[in-house]
Amino acid sequence: MLISLVLIAAAAAAAYSLNGFSARPRNLELTQTARLSYEPQFGERAAAASAVIRRVIDGDTIELESGERVRYLGIETPEVVHPAKPEECFGREAAARNTELVLGKTARLEKDVSDRDRYGRLLRYVWVGGEMVNLRLIEEGFALALAYPPDTEYAGEFAAAEKGA
């Protein structure tokens, strides 16, 4: 009986995989430099949207042309403009690097589980030119990996990048 259940489960998993379904996008690749590259295929991540970045608030927050603010998922950068905290060391550098990476560019905004934070900002992974900005900031030492469950889709990749930074 147990063997039958195991064989049925294995067959179901194989059929699921063969039909092109997986927990991750098929074309997500982790390269030798631990950089994620991603080119979405039609129908994947329906919650993803594209938008032009109008302004960079700090190292992990941007403003879109629509006026919506976006907080990058999975990372933390030093504060620059927090109303209750003083400016932190290297905050301006993180904001400057974020500006170089995204300002005026069209970004793909990928949702994880949560839509917004307590301040009303969209919570997203930000992709520009097929590269995830969140991860790039970690790799270059401008951000720390910081997982906030339930939004942990790339937490493993972020932690690995932080160790290598």
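Which residues do ring pairs link into a cluster?

Modeller: Ring pairs join Tyr-125, Trp-127, Tyr-154 and Phe-158 into a cluster. This is a predicted model, in which local features need pLDDT of at least 70 and side-chain atom pairs count only at pLDDT 80 or more, while totals for chains, interfaces and linings use all residues. Residues are numbered from 1 along each chain as its sequence is written, and side-chain values use heavy atoms, with hydrogens and water left out.

Rings of Phe, Tyr and Trp (its six-membered ring) pair if their centres lie within 6.5 Å; planes under 30 degrees apart count as stacked, over 60 as edge-to-face and the rest as tilted. By this rule there are four aromatic pairs. One of them joins Tyr-125 to Phe-158 edge-to-face, with 6.1 Å from centre to centre and 70° between the planes. Tyr-125 belongs to strand S8 (residues 122-128) and Phe-158 to helix H4 (residues 155-164), so this pair ties together parts that are 33 residues apart in sequence. Helices (H or I, at least four residues) and strands (E, at least two) are DSSP runs, numbered from the N terminus. Tyr-125 and Phe-158 are both buried; buried means under 20% relative accessible area, exposed over 50%, and partly exposed in between (1.4 Å probe, protein chains only).

The ring centres of Trp-127 and Tyr-154 are 6.3 Å apart and their planes stand at 70°, so this pair is edge-to-face. It links distant parts of the chain, 27 residues apart: Trp-127 is in strand S8, and Tyr-154 is in the loop between strand S10 (144-145) and H4. Trp-127 and Tyr-154 are likewise buried.

A salt bridge is a side-chain nitrogen of Lys or Arg within 4 Å of a carboxyl oxygen of Asp or Glu. Arg-124 forms one with Asp-115, the closest N and O atoms being 2.7 Å apart. Arg-124 is buried, at 8% relative accessible area, whereas Asp-115 is partly exposed, at 32%. A further salt bridge joins the side chains of Asp-117 and Arg-121, at 2.6 Å from N to O, and both of these residues are buried. The whole structure holds 14 salt bridges.
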